Amino acid sequence: MPQELNAGLDGAGLRVAVVAARFNHVITKNLMEGAVATLTRYGVRDGDIATAWVPGSFELPVAAKTLAQSGQYDAVICLGAVIRGETSHYDMVCNQASAGIAAVGRETGVPTMFGVLTTENMEQAINRSGGKVGNLGADCAVGAIECARLVQAIKTG
Ligand code: INI
């Protein structure tokens with residue numbers, strides 16, 4: 001019988017940091033709300049959730065790395081919205097945010113979720129931040145709990 005390492009989606013006792021970019025706040029505030037509400041729904045206690053804001057998605061990796069390295073969190077969720085129609089440096093912001101966030105998880109071992117919407121226009125961003133295509137912040141909250149529990153299960157055997 002194979003040993004199943006995925007330990008379920010109980011958030012009780014997990015400590016989770018959520019960092020969001022203020023740029024496109026009309027979108028990212030909904031991602032933040034979706035993430036926090038979902039963490040709570042899955043049992044993460046209010047006092048175990050920390051929230052933080054940075055100016056833009058470009059700054060997410062440094063905040064995420066500091067949070068992850070602090071040893072105080074079992075997972076870090078990064079939220080942002082980069083909209084192609086509204087920026088000339090869309091690709092640079094997207095690339096730096098995605099590569100930087102991936103590196104944080106890889107280098108610290110703390111699950112670090114990529115909740116940055118990268119869309120062609122504002123309508124797509126609205127749809128994915130609590131509109132008709134869901135809420136990426138909420139999805140990342142579920143993913144953070146799953147990954148944090150998996151890491152715990154692997155470490156404890
Ligand atoms: N930051 C975003 O999060 N989304 C964007 O769409 C965006 N645009 O359009 O440029 C954006 N730029 C700011 C960037 O993330 C940094 O905050 C800025 O360059 C300062 O380092």
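Which residues does asparagine 127 touch, not counting those up to four places away in sequence? I started my notes with that one. Asparagine 127 touches Lys132, Val133 and Gly134. This is a predicted model, so I keep in mind that everything below is computed from it. I found asparagine 127 in helix H4, residues 122-127. I also looked up its burial: asparagine 127 has a relative accessible area of 14%, so it counts as buried.

**Another asparagine**

I went to asparagine 24 for its backbone. Its phi is near 60 degrees, a positive value in a residue other than glycine. I noted that one down because most residues other than glycine have a negative phi. Asparagine 24 sits in the loop between strand E1 (16-21) and helix H1 (25-41). Buried or exposed, I wondered about asparagine 24? Asparagine 24 is buried, at a relative accessible area of 13%.

**H1 against H5**

Next I looked at helix packing. For any such pair I want two values, the angle between the axes and the distance between them. H1 and helix H5 (residues 136-156) pack at about 35 degrees, and their axes are 6 Å apart. The crossing of H1 and H5 is right-handed. I then listed who meets whom. On the H1 side I have Leu31, Gly34, Ala35, Thr38 and Leu39. On the H5 side I have Leu136, Gly137, Ala138, Ala141, Val142 and Ile145. Sorted by class, this contact has eight nonpolar residues, three polar ones and no charged ones.

**H2 against H3**

What angle do the axes of H2 and H3 cross at? I get roughly 15 degrees for helix H2 (residues 60-69) and helix H3 (residues 90-108), with the axes coming within 8 Å. Angles under 35 degrees count as roughly parallel, and H2 and H3 are therefore roughly parallel to each other. Their crossing is right-handed. From H2, the contact takes in Leu60, Pro61, Ala64, Lys65, Ala68 and Gln69. From H3, the contact takes in Gln96, Ala97, Gly100, Ile101, Val104, Glu107 and Thr108. The contact of H2 with H3 divides into seven nonpolar, four polar and two charged residues.

While in H3 I also picked out aspartate 91, which lies in that helix. Aspartate 91 is partly exposed, with a relative accessible area of 44%. I checked aspartate 91 against threonine 118: they are 27 residues apart in sequence, and their C-alpha atoms are 9.4 Å apart in space.

**Cysteines**

How many disulfides does the structure hold? I count zero. Cysteine 78 is in no disulfide, and its nearest cysteine sulfur, that of cysteine 140, is 8.6 Å away. Cysteine 140 is likewise in no disulfide, with the sulfur of cysteine 78 as its nearest cysteine sulfur. A disulfide would need the two sulfur atoms within 2.5 Å. Cysteine 78 is at 0% relative accessibility, so it counts as buried. Cysteine 140 is buried at a relative accessible area of 5%.

**Glycine 13**

My last stop was glycine 13, in the segment before E1. Glycine 13 is partly exposed, with a relative accessible area of 36%. What does it contact, leaving aside neighbours within four places in sequence? I found Arg45, Asp48 and Asp74 in contact with glycine 13. For arginine 45 I also took the C-alpha distance to glycine 13, which is 7.1 Å, with the two residues 32 apart along the chain.

Notes. Residues are numbered from 1 along each chain as its sequence is written. This is a predicted model: local features need pLDDT of at least 70, side-chain atom pairs count only at pLDDT 80 or more; totals for chains, interfaces and linings use all residues. Side-chain values use heavy atoms; hydrogens and water are left out. Axes are lines fitted to C-alpha atoms, for helices over the stretch in contact, and angles run from 0 to 180 degrees between N-to-C directions. Helices (H or I, at least four residues) and strands (E, at least two) are DSSP runs, numbered from the N terminus. Angles under 35 degrees count as roughly parallel, over 145 as roughly antiparallel, 65 to 115 as roughly perpendicular and the rest as oblique. A crossing is left-handed if the near helix is turned anticlockwise from the far one by less than a right angle, and right-handed if clockwise. Contact means heavy atoms within 4.5 Å. Ala, Val, Leu, Ile, Met, Phe, Trp, Tyr, Cys and Pro count as nonpolar, Asp, Glu, Lys and Arg as charged, and the others, Gly among them, as polar. Buried means under 20% relative accessible area, exposed over 50%, partly exposed in between (1.4 Å probe, protein chains only).
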